[in-house]
Every structure is written in C-alpha cells, then in structure tokens.
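Hello,

Here is the structure I said I would pass on. My notes on what turned up in it follow below.

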Amino acid sequence: MGKVEIMTPAMREEMRASCALAAQTLVEVGKRIRVGMTTQEIDDFVHAFIVERGAYPSPLNYKGFPKSVCTSKNEVICHGIPSAKDTLEDGDIVNVDVTTYLPKEHGYHGDTSATFYVGEPGEDARHVTEVARRCLELGIAEVAHGKRLGDIGAAIQEYAEAQGCAVVRDYVGHGVGRKFHMPPQVAHFGRRGKGKRLTRGMIFTIEPMINLGAADADLMDDDWTVKTADRSLSAQFEHTVLVTRDGVEVLTDRGETLQNSEDKRWVEPLPLSAPKAGLGA
Ligand code: MF3
Ligand code: CO
Ligand code: CO
C-alpha cells in the first residue's frame, strides 16, 4: 500500500491552516443551501471563496475533474459534478465535498464533506444521513496511536449494518497532505485488530459512504459520477484527522453548527464513550 508519511510539527501547522479553510468553506456552503438552487451555484461559491483566500480548490482539473467541488445528490455516492441543470429540490439530500490546497511554505490539501438537507427531508433521507454522520463519529473515536485501521473500519461497518444500511467498499478514505490522495487507504469496513497500525503524526481522511440499499456502486458514463447500483439513497461525511499520542485531532473540525445538516439532526448524538452494545438498540 506504500509508506505512510509521518507529518512533522511544521507540516502539521500547514495542514491545520488548509483544513481550517476547508472547514470554513463547508460552513459557508451550509448557510447557502436552499430549495431551487443549482449545484453549479455551490461550485461558483466554493471556487470564489477559496480563491479569494489565496488557496486553490483541489478538485479543479484533478485527473480531469471539471469543477471545484463535488456535489453528490440522493442516489449519487460520490464525485458528483456540479451542473446548472442540477437543481436542488425539497426533500433532496446533497453531499458537498470541499478540498482546499493552501500554498504556504510547501502547500497542503485539506479535505472535508457533509451531507445537507434541502428543505424538509423524508424519513429515508434522514435515516441514511444520520447513520452516515454517526459512522464518521464512531470511526474518529477509534483513532489513537497504536490502534489499527481495521478498528476504524469495523466500528463503522458494525454500526451501519446494525442500522440496516450498507457501507460502500469501492471508495475509501486516504492519506492527505502534499498530495490530494496518498497512502494509506482507509476502508470503512474491516476487522478489529487488523490492518496497518496507526502512528502519531499520520494524517488521513475518514469518509464513510453509506447506502440505504445495497453497497454496490455504479460508475456513470461521465467517468466521475458514482451512483448506487440499486439507486437507493447514499450519504457521506468526511473529516481529515491527525493521529496524536493521546488520540486524535480533527483538523477539519468546525467552530460552529453546520446549517441545513447538524441543526436538523433528528437524534441527539450519543456520547462517544457509550458502550458499543448500546448502539444497535
Ligand atoms: N474529495 C474527494 C475525496 O474525499 C475526492 C474528489 S476527487 C475529484 O477523496 F476529482 F472528484 F474532485
Ligand atoms: Co477524501
Ligand atoms: Co473529500
């Protein structure tokens, strides 16, 4: 899988700055989500917001991706391409995935995403979105020096499946830093005690994609858009995290509530120290 880079304190500082900008961009996107807007309007906003702050939207021209942000609506799992023809309607869910490249001393990428509710969500939309949100929280709670990648994957998979959802296997989290995608690959399924050991100074994303139906993914003819094979709803949340001696620093943490997402949680978050057995109940 390749060697995982250990970030020095100087590199971590640059990562903090880039990740803070990505997080701030996502917060601002949340304030602007509304029925009737197009995903192109999200792209326009994200592009301007990032460029005005001296950074670059990492998706733009990345392996030929044509826009500055990914917008993945309803049955789209990931890598949705913003379009003026793609209008957000009441009851839709849309994941907005922001990645910033902040050129400072060297230049580092920060990567974060969230699923937003457009207007009033139905029960299915809420279920898959809240399960995905919780999966990310549970995955992050596993991160600590000495733990393993399989601990993260297992925690996510166990919860998602107990909630009647499926974890996408074809797309995974990833190391992030000088490059947008680097080792390790962070699967959102797996077995406790297995996989690469986590060491302090590692930085990677956790970004579970959770489907209401089956796990299978289907790549569209544009070679980017990934949909659920059964066209069931899919939701995703993503943070960039740093492994520390005591646990984890969430580099893309937000200082405020995410509008049109966290403010519409339909369940209170369980304390992360809650016994695992209680989660499926
Ligand atoms: N931000 C996505 C991720 O979380 C990757 C998008 S690649 C793009 O890894 F080219 F579609 F932007
Ligand atoms: Co990512
Ligand atoms: Co991302």
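Subject: notes on the structure

Of the 281 residues of the protein, 49% count as buried. Please keep in mind that this is a predicted model.

Overall build: the protein contains 15 strands and 4 helices. Its radius of gyration is 17 Å, close to the 19 Å that the globule rule gives for 281 residues, so the protein is as compact as a globular protein of that length. The C-alpha trace spans about 50 × 45 × 35 Å along the principal axes.

Contacts: among contacts in the protein with a separation of 6 or more, 73% are between residues 24 or more positions apart.

One sheet I looked at in detail: it is an open sheet of 3 strands, in the order β3-β12-β11, with antiparallel pairing. The edge strands, β3 (76-78) and β11 (217-219), each pair on one side only. On average, neighbouring strands of this sheet are turned by 45 degrees against each other, direction ignored.

As for individual residues, D218 stands opposite K227 in β12.

Regards

Terms used:
Residues numbered from 1 in each chain as written. Chains lettered and ligands numbered in written order. Predicted model: local features only at pLDDT ≥ 70, side-chain atom pairs only at ≥ 80, totals over all residues. Helix = DSSP H or I, 4+ residues; strand = E, 2+ residues; numbered from the N terminus. Rg over C-alpha atoms; globule rule 2.2 N^0.38 Å. Buried ≥ 20, exposed ≤ 12 C-beta atoms within 10 Å, placed from the backbone. Contact = placed C-beta atoms within 7 Å. Pairing = 2+ DSSP bridges. Axes fitted to C-alpha atoms, helices over the stretch in contact; angles between N-to-C directions.
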